Amino acid sequence: MTDLARVHAEEQAPLEGVIKGEVMRMYQEVAEHPDGEFHFYHGRQAAEMFGYERAWLDRAPPGAVASFAGVGNPHLRSRLQPGEVVLDLGSGAGLDSIIAAWQVGPTGRVIGVDLNPTMCRKAEAHAAAEGVRMACHEGRMEDIPLPDASVDVVISNGVINLSFRKRTVIRELFRVLKPGGRLSITDIVSAKQLSQSIVNDPKLWAS
Amino acid sequence: MFGLLESAGFTRVRSTIVPGFAFRKESTRDAAESYGVKAVLLTAEKPAT
């Protein structure tokens, strides 16, 4: 890291901490009060908007569906196969993990990683209620708590945009994937540099 | 994000826009439109060797 980059990182560190807290608060709020009002569509309405199969949404635990807060449908291109190991980065209340677990079957494995330990426990409970294998690890996407070359596929839904260090996140995805592994992620991008007033607003950044 | 994936070493990087994505609140939607904010589906592979 250059001196300039180090100074920039040090200046951003307090803001990054505040935003991390706001991200945890907002997505826990979606999970605990899915009938609330948010900047984004969520729950079954959002999942149907993005082409999730109705049969999936009927079968999945209602709590996982109601708390869905994705921005698209990573399953459209994930091509999951029985026996594969899947990382669901930012697994939230667990809907995408459960759908992935159905596809990889009992010989496969789904690992969730989420910043919020409460969400991890919630996702695991939803997966257990559905009778599928899913283990969730509390951790940061900039420092994924998994060994090198340990997963076949990464899925993620509306999470990486929340990081201040996207380059580091992408490097981590590369690290944990096995050679020949693949990713299918949906996320938010912007054509223009966001204004500093947006970057400095934890509520806007988190949404 | 596309460029970050390529520079990290991923190959066969593909990006498609998620149809129908929008923010629910009008004020957020307007701000997002002014910045060209979109949802995308990205796929990529880690080389086998």
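Of the 207 residues in chain A, 44% are buried. Keep in mind that this is a predicted model. The chain has nine helices and five strands. Reading from the N terminus, the order is α-α-α-α-β-α-β-α-β-β-α-β-α-α. As for contacts within chain A, taking those between residues at least 6 apart in sequence, 72% join residues at least 24 apart.

One residue as an example: A:Q45, which sits in helix 2, residues 43–49 of chain A. Is A:Q45 buried or exposed? A:Q45 is exposed, because it has 10 other C-beta atoms within 10 Å, and the cut-off for exposed is 12 or fewer. Between A:Q45 and A:G72 there are 27 residues in sequence, and 12 Å in space, C-alpha to C-alpha.

Now the contact with chain B. On the chain A side 33 residues take part, and they touch 28 residues of chain B. Which elements of chain A give two or more residues to that side? They are helix 7, residues 166–176, and strand 5, residues 177–190. Strand 5 of chain A supplies the largest share, 13 residues. By type, the chain A side divides into 18 nonpolar, eight polar and seven charged residues.

Strand 5 of chain A also pairs across the two chains: its partner is strand 2 of chain B, residues 37–45, in the antiparallel sense, over nine bridges. To find the place on screen, look for A:S184, which stands opposite B:T43 in that strand 2 of chain B.

That's what I have.

Key
Residues are numbered from 1 along each chain as its sequence is written. Chains are lettered from A and ligands numbered from 1 in the order in which they are written. This is a predicted model: local features need pLDDT of at least 70, side-chain atom pairs count only at pLDDT 80 or more; totals for chains, interfaces and linings use all residues. Helices (H or I, at least four residues) and strands (E, at least two) are DSSP runs, numbered from the N terminus. A residue is buried if 20 or more other C-beta atoms lie within 10 Å of its own, exposed if 12 or fewer, and partly exposed in between; C-beta atoms are placed from the backbone. Two residues are in contact if their C-beta atoms, placed from the backbone, lie within 7 Å. Ala, Val, Leu, Ile, Met, Phe, Trp, Tyr, Cys and Pro count as nonpolar, Asp, Glu, Lys and Arg as charged, and the others, Gly among them, as polar. Two strands pair if DSSP finds at least two bridges between them.
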